[in-house]
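User: Could you take me through some of the labels used for this structure and what stands behind each one?

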Amino acid sequence: MSKATIFSGKYLRVFVMAAIFIAVIVLIARNIGFFGNALLVLLGFGAVVIVHEFGHFVVAKASGIKVEAFSLFMPPILLGIQKTENGLKIRILPEILPKKGDDSGDGALCYTIAGRYKPSDTEYRIGLIPFGGFVKMLGQDDTGPVKESKDPRSYANKPPHTRAAVLAAGVTFNVISAVIVFMVVFLVGIHLTPPIVGDVIPGSPAARAGLKPGDEIIEIDGESEDIDFGNIAIAAALSGRNEKVDLAVRHLDGSVEDFTLMAEQLPNETLRGFGIMAPESLTIAKLPKEDANDLYTRTALLPGDTVKSVNGRHVTSNWELDRIIQATFAPEIKISVERTDPVSKEVRLVETKISLGLTVPTRSEMSVSALSGNIYSLVPRLKITDVLSNGGGSKAEPSLRRGDIILAIGDVELPTYEQMRDVTVEYEDKELPVKVLRTDNGAQQIVTVNVVPKRSALGKKVMIGVGISYDLEHGVVAGTVALEKDSAALEIPAGAKITAVDGTPVSNFFDIAGEIRKYAGQRITIDYRLNEKVAGDVFMNVPEEDVYTVEATIAEPIPFKPLEKIYKANGPTDAVVMGYKKTVMFVAQTYVTLRRLIGGLVSPKDLMGPVGIMTLSYRIVADKPLVYYVYFLGLISAAIAVFNFLPLPPLDGGLVVLLLVEKIKGSALSQRVQTIIAYAGWTLIGTLILYVTFNDIVRSFFS
């Protein structure tokens, strides 16, 4: 007779369970933050699934249908619990760890906790794949026709209207839960971005219509209550081809004006839009430590700082800040920020100077050459703004420095950006001489540096590991371009310094741009000097401001927090109304999205699948207060309701359609036809899920 050891029978199972449990506890303890957030994501998403399946479960039970299993997540089974005559039966990974010679399917890790229970037909399960869930009813199978059974509790033996009620219950419960979720959110209150124009993209429908930063959209297509900035983006993305969208806008002076916009596919945007950018606050956003340190090095600003004044002028909004900056033609601007000491909580004003740059809005009617970094057709020299530790796979020579002005690269004197790119590619893996003008302790000197361009890790670009901008602090031109097609460029020699604009002395491109801007639509004189012997002047026809406008902008981007306002109900009744409206809005938008998808106005690449939902959920949980995740779950619940009720077997809506056919026909379709329909539906849905999952992975981890 063999002796029992820890390596045999039930002792082995206990030992395996203990080892797994200890390993999991150690792993969680070492990554408590990550696992805490991940658990919250799974609980939230699981709650949405449970609500849907609970709808099926409740109505099935009430209709006398035998429910064999109720599962959160998909097989294989991680954990199963069922009441039996002998007690509470617990199965752990029965399909993965089967018991030899046991055909019951209980598996090697099966235990019964003795107790007096009324036996239940239903096993409650948790699946190993954390997505979805299901209710398994006697006689019902999503992969084919209903199963014939003599048991009166079989799903197949219930009349069509009863089966339809069971199928529709999941969607109904999702809609009801979405209303409840949004009701709770609005009772608590949630900060969302209001429907205010932060800025407009030049040449976009919003810009052409005349919308300005600070304008507030108070009505979109007849909807005016509790709208936020998301309504603007969604109205544009989901509008039909050539469909006009009506807006009512309140300007900063309090006047109200009606606009009609038509969405377009804008550059660098995946969805069609109006060109309206979200508003920002005056407070700097929370940043990772490394980014915060970099921001402080560049600007002396810290996350949490709030801008109070610019050049001594008090500001109350980000668009007011932008307006002052855009009209400030100077190399830098002085701002005052309110800073709270993290320890003492003392609030004090801090002054710092921010470097400015110049920008030219891109317009469709401008020639290609005019879009290549110029100020009123004058092209500044290139300047190194940063020396990267690893410029995409290549390390710049340490003798290149931030602030160096590029005089020549290879054999090209005073290159444009395009010429620099071409020469860099030509010298891939070869020594490339770069001649720069360097300022050291106030003294200027010309230095030649040798670099070896390398191809980036992804193989897309050949780089020398530097950041490039334009030398705006000096009025030296590297060349000129034509602002309009079939027009001649100004005859100013490369390397010449602009000395005056229509008689007014200038010393840098900020002075040049500020002076030229005063003469929009007029003909002026530009004076230049190349050296002690060569000087001259040329005439310039200054374009109108509505065609070509130069504006100042912050050279070093500052990450401001989005502007937010609280959306909160006045009481329970108001919360119910707000929750209902928000649910109806998301349900309608999901249906419209699917319709636009079929019509080709929305790309399948813009859809989000299980991986994308989980990834976005984790980011919301990790970075935002809990109320934002609850709000997101309400959105998901509404979307799941729509998706599940599509008339496509094996989705609930498709199965209801088959029941309607059965009701009209007087009998069910043949088993062969039902099987073909079911497998065709699963193939289509499976293909779609694989496609969006692939895009989710690329977007989440490689984009």
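Analyst: Happy to; here are a few labels, each set against its definition. This is a predicted model, in which local features need pLDDT of at least 70, side-chain atom pairs count only at pLDDT 80 or more, and totals for chains, interfaces and linings use all residues. Residues are numbered from 1 along each chain as its sequence is written, and side-chain values use heavy atoms, with hydrogens and water left out.

User: Why is Leu414 called buried?

Analyst: Buried means under 20% relative accessible area, exposed over 50%, and partly exposed in between (1.4 Å probe, protein chains only). Leu414 has 14% relative accessibility, so it counts as buried. Leu414 sits in the loop between β19 (412–413) and α8 (417–426); helices (H or I, at least four residues) and strands (E, at least two) are DSSP runs, numbered from the N terminus. Its phi is near 40°, a positive value in a residue other than glycine.

User: And what makes Asn311 buried, exposed or partly exposed?

Analyst: Asn311 has 41% relative accessibility, so it counts as partly exposed. Asn311 lies in the loop between β12 (306–310) and β13 (313–314), and has a positive phi of about 50° although it is not a glycine.

User: What makes β2 largely enclosed?

Analyst: Of the 6 residues of β2 (residues 87–92), 5 are buried, so the strand is largely enclosed by the rest of the structure. Another 6 bridges join β2 to strand β3 (residues 109–114), again antiparallel, with Ile90 opposite Tyr111 in β3.

User: Why do β7 and β9 count as edge strands?

Analyst: The open sheet has 3 strands in the order β7-β8-β9, with antiparallel pairing. β7 (216–220) and β9 (256–262) each have a single partner strand, so one side of each is left without a neighbour in the sheet. β7 pairs with strand β8 (residues 244–250) over 4 bridges, and Ile217 has Val249 in β8 as its bridge partner.

Terms used:
Pairing = 2+ DSSP bridges.
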